[in-house]
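The structure is shown first, and the points follow by topic.

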Amino acid sequence: MKWFFAKCVVLLIWIIQFVASSIVTDYRLPTSLQPDSYTLKIVTHLEKEYEENSTFNGEVAVNIQVLEDTKSITLHARNLNVSESSIELKSHKDDDFKQCIEEIETVKELDFFVIHLCHPLFRGLSFELKMSYIGTFTQDMRGYYISKYNDEATNKTKWLSVTSFEPDYARVAFPCFDEPHLKAKFTIWLGHHRCLTALSNMPLEKQIPMDASSEFVWSIFEESVPMSSYLVAFTIHDLTFTESKAEGSDVVFRTWSQKSMVNSCSYAAEMGPKILKYYEELLGIDFPMRKIDAVAIPDLYGAGMENWGLITYRQNSLTLNISAESKIKQSMLTTIIAHELAHQWFGNLVTMKWWTDLWLNEGFATYISSLGAKFVMPDHDKYISETVVHIRLIFDTDSVLNTHPISDPNIDKNELKNRFDDISYLKGSSVVRMMHLFLGQEAFFEGIRNYLSHNKYQSVTQDDLWAFLTESAVRFNRLEGHCNMKTIMDTWTLQAGYPLVNVNRDLEKGTVTISQERFLKNTTTLSADEANKCWWIPLSYTSASEGDFGHTIPKLWLKCNATTGGKMTLNLNNVEWSKNDWVIFNLQLSGIYRVNYDAENWKLLGEALKSPNFGNIPLIHRVQLLIDVAALAKSGHIGYSIVFDIMEYLVQERELLPWRVASESFTGIFKAMSQIPEYRSQIYAYFRHITEPILKSNFSDTNNTIENMDLARIMKTIIAGWACRVEVEDCIRTANANFEQWKAAASRDEVTEIPREWRDITLCAVIRQGKNDNWKIL
């Protein structure tokens, strides 16, 4: 009986193991196969009215290397009807190669299409897999989908097809190994009506008739460079293009749009080649293709998609009426173009192995694009404003416990789309900027050029980047002792959040104590692990007497304990700062950290800001102080008296950026304090004090540096908005006059009688006054 029971147990264990081995639980593809090249043929019918659930026909042939012995072939395919009878396997070298298919299995939840074979495929074998299928155009601007526009000349609807495959939608258009590290070469054949134009990543090689009687043709494109499946792109349309080229470059740009929008795309056609040429010189690697097509798509998921050689843009992201539209729109368009072109190196040439390290694509493209935009628009200093916007968003997004690291090894299939977020883009960009500034221009770009050159057409992890940056950092003497970039930067990329640096001076003893803690916007009890989080922090700083704000190479590092990984405190002795010397840490906002000072230093900073020479503290640092002081008060680190003292200087501030930052902080402060009776009159008086002088100046002071009407209008809106809210008489008088003018207008359907910057302010001010007649009119 015992023997029988033991036998049953063994049999049960074997059954469980067998069943478990046959159930696919890993959402990643097996590692046994590597695609070398694809030949993809897709036939698209756009000559008739598009209908929902319309289909396209495809055929794919994949040349595959066997890396490990296997009895199955697993690809990705989503919502594709594969003809099982069309599946063929043949060896490139062995004419006697015979293989039969035992079973076809689909794992819908993982998008797996599994071909189980009768016989094993042995390591070292090279073979071709070929199959035909039918696909359905998608409805969500992902995968392969149909877009449309109204042709102004004919007033008819025109249809075009377009792809958008990132992160995992290539599998919707053709069966493939749809993971970023599985790079291959692609030869694309597009079948379409001969009156339409087909584009793909590579230049057109030739066009041939499909058959003697058909009005359809094959547009056949040159074989591509090795690339990830999500970068494959094609489109069929009847758009018109403008051709452009940068001086000294062989890369031809063609900017495609509806015929009626050709002139609106002239700015994009001009900027694209200039930015590409700048990147080639900055990064030391030429763009590897002969052409770039930039296509304005009526509807696109996102502002742009960086497909190699065929960049798609949402139509309103590529068009610009230079004479009528603002410098702000021009700047936004420039940044979008610069971002997608930066991807041609960061993401396309060198690609992250898995979406864990998405920041290697998006963080780099976001930061490098700021340099590209600055190059072509040197008079429009978007670099500082973009730095501030990015760091503020990260300071907010990353100051809660449920955020995630930049590089997250725990990312799963269902989270891929969600990781295209502020952490990957903006914190990733801020990390790149931080490295640039603490390594310096030469060391940083030497490391980046070597990283790109060594890894071109390959896939990488962040450790590959650290290795090349360490090499250049050591050569330029940027690291202390035996430290390396991995030790430093893993603290910024592998853990969520960011630090608060506390700087406390003992003026009597001439000492400074510097410590760190994780910053959270809401006070909460931290676990031991969270409380012990530690970052390697580059400390750059200056004082009132020194006044050197441009030196971002760190003077000191606030380190983590080499043994425990925990926090350490830095003590400085015999510091030569006088009692009247304020200090500012984190020069140029180069590091991703907030700074809190002792009460005396905050007092000295307030006095400096309220002095006539407040401009001695550069714009970015005035903004930095406003950002930090409001957040530190809200989180309970300092009292609000310090906030009011620092912000009082705004009475003489004529730059938009500090006012924009302060205005957002004002909202919470005003809402809370104005509802407390004993504080209401005081908070109203304070806001009148800082807004009334600027409102009366009409922004015409000699130190006004707002250079165009767009920024001036925004600043006027901010200041007048607060002035009317706290009942500054001049503001209320202007709002009422605007309202009376609108009431007297022939038509009240529009508020065009009111100046644009006053419209919302006027209506809100009138409503607050609560007059019944006016309320009825509104």
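The strands β3, β7 and β6 form an open sheet in that order, with antiparallel pairing. At its edges stand β3 (70-76) and β6 (101-107), each of which pairs on one side only. From one strand to the next the twist averages 20 degrees. The model is a predicted one.

- β6 and strand β7 (residues 112-121) run antiparallel and are joined by six bridges.
- One of the residue pairs is Thr106 with Phe113, the latter being the bridge partner in β7.
- The hairpin has four residues between its strands, and Asp111 takes a positive phi near 60 degrees there.
- As a general point, strands of a sheet pair through backbone hydrogen bonds, in either the parallel or the antiparallel sense.

- Strand β1 (residues 33-43) runs antiparallel to strand β2 (residues 55-66), and ten bridges join them.
- Within this pairing, Ile42 has Gly58 of β2 as its bridge partner.
- β2 also pairs with strand β8 (residues 126-136), again in the antiparallel sense, over eleven bridges.
- On the β8 side, Ser126 is the bridge partner of Gln65.

**The four-stranded sheet**

- A further open sheet consists of four strands in the order β28-β24-β23-β30, and its pairing is mixed.
- β28 (570-572) and β30 (594-597) each have a single partner strand and stand at the edges, so one side of each is left without a neighbour in the sheet.
- With direction ignored, neighbouring strands of this sheet are turned against each other by 20 degrees on average.
- Three bridges link strand β24 (residues 511-518) to β28, and the two pair in the antiparallel sense.
- Val512 has Leu572 in β28 as its bridge partner.
- Helix α13 (residues 619-634) packs on the sheet, where it touches β23 (499-506) and β30. The direction of α13 makes about 75 degrees with that of β30.

**Packing of α18 and α19**

- The axes of helix α18 (residues 729-743) and helix α19 (residues 759-769) come within 9 Å and cross at roughly 100 degrees.
- From α18, the contact is made by Ile732, Ala735, Asn736, Asn738 and Phe739.
- From α19, Thr762, Leu763, Ala765, Val766 and Gln769 take part in the contact.
- Sorted by class, the contact of α18 with α19 has six nonpolar and four polar residues, and no charged ones.

**Backbone details in loops**

- Glu166 and Pro167 are joined by a cis peptide bond, with omega about 0 degrees.
- The loop between β10 (156-164) and β11 (185-193) holds Pro167.
- Asn477 is a residue other than glycine with a positive phi, near 60 degrees.
- Asn477 lies in the loop between α9 (462-475) and α10 (485-493).

**The chain as a whole**

- The chain has 20 helices and 30 strands.
- Its radius of gyration is 31 Å, close to the 28 Å that the globule rule gives for 778 residues, so the chain is as compact as a globular protein of that length.
- The C-alpha trace spans about 90 × 80 × 65 Å along its principal axes.
- Four domains divide the chain: domain 1 (31-238), domain 2 (240-319), domain 3 (350-494) and domain 4 (653-777).
- Taken over C-alpha atoms, the centres of domain 1 and domain 4 are separated by 57 Å.

Methods. Residues numbered from 1 in each chain as written. Predicted model: local features only at pLDDT ≥ 70, side-chain atom pairs only at ≥ 80, totals over all residues. Heavy atoms only, no water. Domains from an automatic or database assignment. Axes fitted to C-alpha atoms, helices over the stretch in contact; angles between N-to-C directions. Contact = heavy atoms within 4.5 Å. Nonpolar A, V, L, I, M, F, W, Y, C, P; charged D, E, K, R; others polar. Pairing = 2+ DSSP bridges. Rg over C-alpha atoms; globule rule 2.2 N^0.38 Å.
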